[in-house]
Amino acid sequence: MADVTMRVWRGDASGGDFESFTLAPNEGEVVLDLIHRIQATEAPDLACRWNCKAGKCGSCSAEINGKPRLMCMTRMDSLPEGPVTVTPMKAFPIIRDLVTDVSFNYVQAAKVPAFLPPPMPEGGYRMFQEDVERGQEFRKCIECFMCQDVCHVIRDHEDNKPHYAGPRFFIRYAELEMHPLDQNDRRDLIREEMGLGYCNITKCCTEVCPEHIKITDNAIIPLKERVVDAHYDPVAWLGRKIRRRTKTSATDASVQPAP
Amino acid sequence: MVDSSYEHHEYDVVIIGAGGAGLRAAIEAKRRGMNVALVTKSLLGKAHTVMAEGGIAAAMGNVQSEDNWMVHFRDTMRGGKYLNNYRMAELHAKESPDRVHELEQWGALFDRTKDGKILQRDFGGHRYARLAHVGDRTGLELIRTLQQKVVSMGVDVFMECKILKLVHDDQGRIAGCVGYWRASGEFVTFQAKAIILATGGIGKSWKFTSNSWESTGDGHAMALWAGAKLIDMECVQFHPTGMVWPLSVRGLLVTEGVRGDGGVLRNSLGERFMFNYVAPMFRDETADSEEEADKWYDDHDAGRRPPELLPRDEVARAINTEVKAGRGTPHGGVYLDIATRRTPEFIRRRLPSMYHQFMELAGVDITREAMEIGPTCHYMMGGVQVDADSETTVVPGLFAAGEVAGGMHGANRLGGNSLSDLVVFGRRAGLGAADYVEAGHAAATFNQREVDAAIEEALAPLERASGENPYDIQRDLQEMMQTNVGIIRNAAELETATKLLDEFTERVKRVSVKGGRAYNPGWNLATDLPSMISVSKCVTLGATMRKESRGGHTREDFPNPDPELAKVNMAQSSPGGNWDSPVEVVAAALLEMPADLKALLEETK
């Protein structure tokens with residue numbers, strides 16, 4: 001391939017600018033390969049995060065030509081001709097170059113009330129594939145935090161962070177709510193402290209998810225329905241409570257043996 | 001000049017490494033009321049455990065009720081070519097079902113059987129369908145479950161913190177460690193009554209590897225420098241199926257689940273060549289025709305197992321031989337074909353991340369075309385010698401679990417036995433460390449001289465005005481190890497490697513790094529190089545001493561196993577205690593196996 005100019009943002013919390021590097025991509029190379037070659041030659045101190053280089057760990061998130069992408073899964077030959085800009089995720093404070101301070105996400109993770117199952121019967125829990133599949137979709141999340149990065153509620157309004165969990169944690173709450181065994185009720189918390197109501201379902205999170213999780217349709221919208229129902233409709237709330245109990249005991253073989 | 005104005009923390013137990021073993025150890029130590037710190041070079045949840053795909057081995061018998069711990073024990077020992085610490089293999093086989101069930105109590109969602117139990121899949125070397133799994137992303141499920149549990153328990157987690165060296169007290173007991181924050185480059189010390197090493201592997205010393213940048217053997221090296229013994233360092237697993245093309249992803253793992261679910265290996269002539277490579281010890285249980293092998297997939301009682309599901313060392317050597325004989329693919333691998341054997345729907349459902357990986361990185365649709373694959377450096381069987389029950393090393397206060405510990409897998413690890421190793425021995429290390437702390441013999445002083453020396457050494461590359469680029473040294477080391485200490489070894493190449501490693505040692509002493517200390521990957525790499533050199537020397541020395549072929553260690557000048565060498569581990573130590581100190585090796589007798597366990601190995605059916 002012909003030479004490409006990589007415009008990489010360099011700097012720290014006090015400011016920075018683009019630095020350009022020109023090099024020729026080899027067949028099949030991804031953006032992260034070029035960043036690595038720049039590190040190995042011209043700029044050994046160019047900061048970026050990466051681990052698996054296989055789209056499985058979610059470390060190398062950045063904005064490529066302005067869009068959140070995993071650097072390890074973005075092939076150079078998939079990008080339009082011309083210079084390629086690589087910038088750090090915008091919604092998080094800069095540490096250095098392409099590395100941002102993503103601790104907001106770890107603060108949110110620590111607020112999630114833990115999974116709470118009934119005691120395990122002899123031989124293990126019984127659950128059915130169709131019941132676990134809904135949660136499994138959300139557990140594919142690799143925590144690249146690109147959905148958090150792209151979400152307008154925090155991307156454009158830093159002051160929303162203390163009371164807004166963001167799409168990554170809405171799928172975590174949805175997963176727990178839909179878990180066939182979980183007995184913890186987090187609905188008031190999700191509505192009152194996690195800011196679910198701020199989401200106006202523009203689906204930007206779904207569009208950037210590298211795992212193709214249908215964040216808005218399969219997690220946020222059902223979660224909004226549950227939480228709103230629970231709050232405004234005491235009959236529906238009671239009905240759900242009873243159905244949940246029934247479902248929980250049905251999976252507990254010590255109470256009611258599974259078929 | 002050494003700046004002594006750095007952060008200092010005090011804990012009962014400090015765990016270095018936050019993959020499966022470190023996380024599981026943290027849970028157990030915390031449950032025992034210990035004050036626990038978990039320290040990781042990366043962010044939490046990014047450790048190499050996420051790369052595990054196929055599953056976690058546990059003899060639950062959900063798919064084939066004949067399975068039990070005794071068969072799992074036997075399979076593990078046979079897979080390890082009997083070099084295993086038998087007691088570790090025994091504990092692992094007995095305890096892994098409980099550890100898997102425990103993961104479900106913490107929120108994991110495994111795939112299910114029709115009657116709602118945890119589904120288990122077939123894998124190489126396992127007699128029965130034994131691997132609990134979630135599609136082909138089981139490692140992610142394991143790490144996320146453990147991570148969420150650790151966070152909910154309130155364990156203190158120190159992220160992006162690189163530990164440089166362990167610190168002793170004045171009597172040689174472990175008293176803590178010293179490292180730096182990657183974000184700021186500032187130093188930090190941890191005073192600890194016990195340290196658990198859970199740092200994973202060493203694969204980054206090879207050019208074609210499935211391992212991430214983190215696998216630089218830090219724990220192996222720090223244990224060696226601190227006075228512990230390393231065993232079986234010559235036993236490096238080359239996984240048979242890594243991607244070979246495009247070059248930028250060469251080495252990236254292709255799960256063994258592809259073969260477990262029906263995929264077969266073919267050479268450039270289209271031959272299903274694995275039938276030609278069935279070693280005598282596996283002949284009784286392996287199919288001898290394609291017809292018999294294919295029947296087995298539908299009904300495990302209708303035929304014997306396909307030879308594609310032999311242990312990894314056997315399959316990797318066979319692929320290597322086919323390529324050397326000129327029957328390889330255009331890019332120097334062989335074909336892994338599931339497209340002609342299973343429906344596109346089946347492939348996408350069972351192997352979603354493989355589908356995704358080949359589609360996006362290689363432009364190959366695995367539901368329509370064969371994959372090109374070849375061996376890739378994948379796993380370190382060898383490691384820190386520990387007591388099987390408590391994971392104690394010979395250094396008081398030092399524990400090790402997971403890939404950094406040696407013994408469990410002998411000369412070759414079976415697929416699926418790694419994730420179970422992490423949770424079985426991670427838990428036991430947490431218990432072992434808590435017992436040690438409670439017994440009250442822990443260190444009370446902290447050797448400041450060791451801290452100062454480690455900091456001085458770490459700063460040296462920043463202070464040299466000119467010298468070697470750390471990236472050049474890393475690249476040359478990877479090329480050298482791939483060429484001379486790869487999948488097939490011989491005396492001449494090992495001798496070359498030994499000489500060159502001395503040259504690399506000198507080069508590392510001349511490393512010069514540009515820029516400051518704050519998030520500087522060049523400097524971070526410079527501080528990883530001493531461990532990479534240390535472990536490379538140990539692998540080379542062990543491989544030189546083991547004049548036979550066994551499991552992951554293959555010598556073309558000694559192609560057969562030697563029954564005498566089946567009785568010993570190559571045990572290495574470094575009394576000098578520095579990264580450039582000489583390493584000594586002795587042949588140390590294996591533990592004597594009790595008669596009842598020996599009898600299990602002799603049963604063929």
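1. Basis. The model is predicted; local features need pLDDT of at least 70, side-chain atom pairs count only at pLDDT 80 or more, and totals for chains, interfaces and linings use all residues. Residues are numbered from 1 along each chain as its sequence is written, while chains are lettered from A and ligands numbered from 1 in the order in which they are written.

2. Domains of chain A. Domain 1 (4-100) and domain 2 (103-250) make up the assignment for chain A, with bounds from an automatic or database domain assignment. Their C-alpha centres are 31 Å apart. Domain 1 of chain A brings 12 residues to the contact and domain 2 of chain A brings 13, contact meaning that C-beta atoms, placed from the backbone, lie within 7 Å.

3. Domains of chain B. Here the assignment gives domain 1 (239-377) and domain 2 (458-589). Between their centres, taken over C-alpha atoms, there are 31 Å. Each domain of chain B supplies five residues to the contact. On the domain 1 side, helix α8 (residues 312-324) of chain B contributes the most, four residues; helices are DSSP runs (H or I, at least four residues), as are strands (E, at least two), numbered from the N terminus.

4. Strand pairing in chain B. Strand β1 (residues 7-16) runs parallel to strand β9 (residues 187-197), joined by nine bridges; pairing requires at least two DSSP bridges. B:Ile15 has B:Ile196 of β9(B) as its bridge partner. Four bridges also link β1(B), in parallel, to strand β2 (residues 36-39) of chain B, where B:Ile16 is opposite B:Val39.

Notes:
Two residues are in contact if their C-beta atoms, placed from the backbone, lie within 7 Å.
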